[in-house]
Amino acid sequence: MGTVVRQGTPTPLFLPSPPTVSRDFVGSIKSGGGSEKIQSFAPSAALPGLICGFVAERWDLPGWPDAFLACVGMGVWESILGRDGRRFVKRKDSDAGEHGRALEELRSSMYSDFHTSEGAKRQQQRLCGPFVAMTFNFIVAVGIIMANKVVMGKVGFNFPVALSLIHYVTSWFLMAIFKALSLLPAAPPSKATPFSSLFVLGVVMALATGLANVSLQHNSVGFYQMAKIAVTPTIVLAEFMLFSKKVSLQKVITLGIVSVGVAVATVTDLEFNFFGACVALAWIVPSAVNKILWSNMQQTGNWTALALMWKTSPITIFFFMVLMPLLDPPGVLSFGWNWNNVAAIIISALFGFLLQWSGALALGATSATSHVVLGQFKTCVIMLGGYIFFNSDPGMVSLFGAVVALCGMSFYTYLNLRDSKESSAAAIKQLLPKQNSFSLKPKTIIDEEDNTDAINPV
């Protein structure tokens, strides 16, 4: 026994002599390389050792900090808890490891969902099904109609191509912010989709939007609606020529009924001039190709709506800048850019971003033909809503045409749902034999391992 007297303390402190522990052994404990017993207690036994080492250093006891870190870590905690406590500590350590692995798996899955094109597409398909995407597009379309009426009517900004250019520039700016915040979905590798496809999509998008605005400016609403109705058979023909996609006879008849109903409901006058008719006819093909490419690239590749918008927007903006001096009247720079007018245009641009996004989601979740039918559905619903809620009187013939078109759209939706159920059932039947073969193989491996263990017991 040794007696240690510290100056300034009235009573001597009696402690046993420090145990003899080699410095190499203590160093191995500190570095985590000691015995297996110490490693199993590393998360739990370090606390008493550190406390005792602090006390020893506080009382100037040379040799005690390292000794306590070694000896107390090995024995004191085990003597307090016993063997059950040791097993408890081991179990807690293993639980902590399992929790760590679970967090790591969660982190990797979240990274895959947001930073890979495959994961981003799965998230879009899971969150934005056909019903959600088409409902989103319908609501935004109604909102942008109101916003553009304010911009074109009350504000007097009669520059449709320039307005479309402002819409796409705003969309690109918002997506740049998303990308800076790592919120923009990842795009597939450049080798997966050639640049020519993205370039064609950007060009036809600019042509479809710009020519539509010019057609509406030079033609009557009835002639513009007739051109929109002509987009439906153009899509069916183009998909058959490009992708050999066939449409059933029931769908063809249903689409014909929808087109006739929409024509009766909306085509009340056919006033047009030669230039307006040429623009309307030139608009039909880019509009159909635009919808087909948006739908096909999302469904066949790992493209999401935002990723495809991010890649094609610069091309579209460039061609809008080319079309603006050709199709817009002069005087856009001399327009009255006050705060009220700028605020109205910015609100319209925000709706334009939402409309472009929701339209891309709807095309990715359904098809080009379904998106055209959705546009005709919006026209009929707006007409019937004005008659019911705002006492507008489009005439009994137009109302009858709208009702016929809605009935045809309902039956077309039923046919699409039936086809999707049949295709999903066929896919499940094809996967079942593969799953059975995979499930039988591990069982054979397990049986062989069990037999090996029985022959060669450990």
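**View 1. Helix α15 gives the largest share of the lining of the second largest pocket, 10 residues.** The model is predicted: local features need pLDDT of at least 70, side-chain atom pairs count only at pLDDT 80 or more, and totals for chains, interfaces and linings use all residues. Residues are numbered from 1 along each chain as its sequence is written, and side-chain values use heavy atoms, without hydrogens and water. The pocket has a volume of about 920 Å³. A pocket is an open set of points on a 1 Å grid over the protein atoms alone where a 1.4 Å probe fits, with protein on both sides within 12 Å along at least five of seven lines; lining residues have an atom within 4 Å of a point. The volume is the space filled by probe spheres set on the points, which are joined across faces, edges and corners. Of the 30 lining residues, M134, T366, S370, Y412 and N416 are the closest to the pocket centre. Two or more lining residues come from each of α6 (130-155), α10 (249-266), α14 (368-389) and α15 (396-455). Helices are DSSP runs (H or I, at least four residues), numbered from the N terminus.

**View 2. The largest nonpolar core has 49 residues.** Such a core is a set of buried Ala, Val, Leu, Ile, Met, Phe, Trp, Tyr and Cys residues joined through side-chain atoms within 4.5 Å; buried means under 20% relative accessible area (1.4 Å probe, protein chains only). M175, L201, V231, I235, W283, W294 and L308 touch the most other members. Among the elements that give two or more residues are α7 (160-180), α8 (195-218) and α11 (274-300), and α11 gives the largest share, 10 residues. L201 touches N290, L293, W294, M297, L308 and T312, residues up to four places away in sequence not being counted; contact means heavy atoms within 4.5 Å.

**View 3. Q376 lies in helix α14.** Q376 counts as buried because its relative accessibility is 6%. Leaving aside neighbours within four places in sequence, Q376 is in contact with K228, I229, T232, V258, V262 and M409.

**View 4. Residues 1-47 have pLDDT under 50 throughout.** Here pLDDT is the predictor's confidence in each residue, from 0 to 100. For residues 1-47 the model has 62 contacts beyond four places in sequence. Residues 67-74 also stay under 50 in pLDDT, with 25 such contacts. For the chain, the mean pLDDT is 75, and 68% of the residues reach 70 or more.

How values were computed. Buried means under 20% relative accessible area, exposed over 50%, partly exposed in between (1.4 Å probe, protein chains only).
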